[in-house]
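Take a look at the protein below.

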Amino acid sequence: MQIKQTEFIKSVAHPSQVPTEGFPQIAFSGRSNVGKSSLINRLMNRRNLAQTSNTPGKTRLLNFYLINRNLHFVDLPGYGFAKRSKKEQKSWAELIDAYLRSSEQLRGIVQLIDARHDPSRDDLEMIEWLGQAELPFVIVATKVDKLSPNKARKQLDRSMSILADIAEVDFLPFSSETGRGRPELINWIAHVI
Ligand SMILES: Nc1nc2c(ncn2[C@@H]2O[C@H](COP(=O)(O)OP(=O)(O)OP(=O)(O)O)[C@@H](O)[C@H]2O)c(=O)[nH]1
Ligand SMILES: [Mg+2]
């Protein structure tokens, strides 16, 4: 698969507003600031179509992008952003949860973790959920450019062994800075849709 044509479609605050064209959907999940929007931009080779920010909590809605006029990418709001009120965190969790449970077109989930750190408690909860849902998912360890090759390998091994206890996982190192992992992730997407 080659990504040739990309456009922003819409932001959605409720699962009932999800586009109804029936195109397959790939969703991108992970804690706030982990790099979901940056990864989507890198996949699309668009600089700032998906809005990124140093401030966590930039993506608050489900954002839909149309790829090659026949596939949707869904940028999910990040979880685990402590500065939001409990009420707001709950409403985000409910939006993500309702979408993941109700979408009939969802073909797979790209779950991001930070290559520099052990998966957080929220990450583990999410990945455990994914392990039980009957949906293909891949764990992408992003920001790998921020580590030396040696440190990256060590931390990835650590994270992989932690995750191996809770779910059977595919694992992919990625960098939105350098594009590392892009071909492999596009292959994975092409395979599951
Ligand atoms: N060096 C490096 N920086 C990255 C990478 N991916 C993201 N960043 C930076 O990390 C910050 C957050 O990235 P976003 O893509 O906005 O993160 P997000 O997961 O969409 O965040 P929310 O929308 O808040 O959930 C930005 O400053 C990015 O430039 C990467 O692979 N390498
Ligand atoms: Mg974002």
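Asn33 has 20 C-beta neighbours inside 10 Å, so Asn33 counts as buried. The cut-offs are these: a residue is buried if 20 or more other C-beta atoms lie within 10 Å of its own, exposed if 12 or fewer, and partly exposed in between, with C-beta atoms placed from the backbone. Asn33 sits in the loop between β2 and α1 (36-44). Its phi is near 80°, a positive value in a residue other than glycine.

Now compare Asn68. This residue also has a positive phi, about 50°, and is not a glycine. It lies in the loop between β3 (62-67) and β4. Asn68 is exposed, because 12 other C-beta atoms lie within 10 Å.

A word on the model and its numbering. This is a predicted model, in which local features need pLDDT of at least 70 and side-chain atom pairs count only at pLDDT 80 or more, while totals for chains, interfaces and linings use all residues. Residues are numbered from 1 along each chain as its sequence is written, and chains are lettered from A and ligands numbered from 1 in the order in which they are written.

Next, step back to the whole chain. The protein chain has 5 helices and 7 strands. Here helices (H or I, at least four residues) and strands (E, at least two) are DSSP runs, numbered from the N terminus. Their order from the N terminus is β-β-α-β-β-α-β-α-β-α-β-α. The radius of gyration is 16 Å, close to the 16 Å that the globule rule gives for 193 residues, so the chain is as compact as a globular protein of that length. That radius is taken over C-alpha atoms, and the rule is 2.2 Å times the number of residues to the power 0.38.

Find strand β2 (residues 25-29). 5 of its 5 residues are buried, so β2 is largely enclosed by the rest of the structure. In a regular strand the side chains alternate between the two faces of the sheet. In β2, Gln25, Ala27 and Ser29 point one way, and Ile26 and Phe28 the other way. Strands pair if DSSP finds at least two bridges between them. β2 pairs with strand β4 (residues 71-75) in the parallel sense over 4 bridges. Gln25 has His72 in β4 as its bridge partner. β2 also runs parallel to β5, joined by 5 bridges. There, Ala27 stands opposite Ile109.

Stay with β5 (residues 106-114), where Ile113 is placed. Ile113 is buried, with 27 other C-beta atoms within 10 Å. Two residues are in contact if their C-beta atoms, placed from the backbone, lie within 7 Å. Beyond its neighbours within four places in sequence, the contacts of Ile113 include Gly30, Val34, Ile139 and Ser159.

Ser159 leads us to helix α4 (residues 149-164). Ala152, Ser159 and Leu163 are buried in α4. These buried residues fall within an arc of 40° seen down the axis, so they line one face of the helix. The arc is that of the directions from the helix axis to the C-beta atoms. On the other side, Asn150, Lys154, Asp157, Ser161 and Ala164 are exposed. The cover over the buried residues includes β5, α3 (121-132), β6 (137-142) and β7 (171-173).
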